[in-house]
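Below is a briefing on one protein model.

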Amino acid sequence: MDKSWMHSDRRSKAYEFGVEAFLNFAVENLLTTTHIRCPCVKCVNLKLFGVGIIRDHVYFNGIDQSYKNWTFHGEPWEATTNASRNVEEDDGHSRYSFVSEEIDMDDNDFGDFGSDPYEFANVIGDGDQPVYPGCRKYTKLSALVKLYNLKAKHGMSDVCFTELLILQGDFLKYNTNLYV
């Protein structure tokens, strides 16, 4: 499917036809047609709406241009098909070891994930919690995703992003029991 419209001016006919083709594609390829994920810059596929609202969001906010493979809207996920990269476990290496080879990583760079099998489940479970008591707009996970999208969209360095998070934490420390 042609996705060049995503980079067109939102007032152009190419963008208009692209939005309609995208919405038709999404409705045709999904099981439920009443609500689909909104790919606009503000919702970043985190919120579900009807087709009319999504059309408005994509026009007013623009489409998230980093959303290149429309997996949330029925497009099959495509893995790298480079024949020189064998992603199967045939020589004792991890099936994704080519990634660490490409960016010059060793086993120590992957970090310590701990030996507790429930640690990851606890982290994911916290994702459904509100950012702070009484917050209805964002969960911890949705806030994290929004912040990382902002980081990527504006090319923030890791140092800048970390300092920004620390500063935000200082702003929000009105109740120290929140961070225990």
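Helices (H or I, at least four residues) and strands (E, at least two) are DSSP runs, numbered from the N terminus. The model is predicted: local features need pLDDT of at least 70, side-chain atom pairs count only at pLDDT 80 or more, and totals for chains, interfaces and linings use all residues. Residues are numbered from 1 along each chain as its sequence is written, and side-chain values use heavy atoms, with hydrogens and water left out.

**Nonpolar core**

- A nonpolar core is a set of buried Ala, Val, Leu, Ile, Met, Phe, Trp, Tyr and Cys residues joined through side-chain atoms within 4.5 Å; buried means under 20% relative accessible area, exposed over 50%, and partly exposed in between (1.4 Å probe, protein chains only).
- The largest such core has 17 residues, and Trp5 and Trp70 touch the most other members.
- At least two residues of this core come from each of α1 (13-29) and α2 (51-60), and α1 gives the most, with 6 residues.
- In soluble globular proteins, nonpolar side chains tend to be buried together.

**Aromatic rings and charges**

- Rings of Phe, Tyr and Trp (its six-membered ring) pair if their centres lie within 6.5 Å.
- The structure holds 8 aromatic pairs, and ring pairs join Trp5, Tyr15, Phe22, Phe25, Tyr59 and Trp70 in a cluster.
- Leaving out residues up to four places away in sequence, Trp70 has contacts (heavy atoms within 4.5 Å) with Met1, Lys3, Trp5, Met6, Phe22, Phe25 and Glu75.
- A charge sits over a ring if NZ of Lys or CZ of Arg is within 6 Å of the ring centre and within 35 degrees of the ring normal.
- Lys3 has its charged end over the ring of Trp70, 4.7 Å from the centre, and Lys151 lies over the face of Phe161, 5.9 Å from the ring centre.

**Asp64**

- Asp64 is in the loop between α2 and α3 (97-102).
- Asp64 is buried but has no salt bridge, that is, a side-chain nitrogen of Lys or Arg within 4 Å of a carboxyl oxygen of Asp or Glu.
- Lys153 is the nearest side chain of opposite charge, 7.7 Å away; Lys and Arg count as positive and Asp and Glu as negative, while His and the chain ends are not counted.
- Beyond four places in sequence, Asp64 touches Met6, Pro39, Cys40, Val41 and Val44.

**Positive phi angles**

- Most residues other than glycine have a negative phi.
- Val44, in the loop between β1 (36-37) and β2 (48-49), has a positive phi near 40 degrees.
- Val44 counts as buried because its relative accessibility is 13%.
- Asn45, in the loop between β1 and β2, has a positive phi of about 65 degrees.
- Asn45 is buried, with a relative accessible area of 4%.

How values were computed:
Rings of Phe, Tyr and Trp (its six-membered ring) pair if their centres lie within 6.5 Å; planes under 30 degrees apart count as stacked, over 60 as edge-to-face and the rest as tilted.
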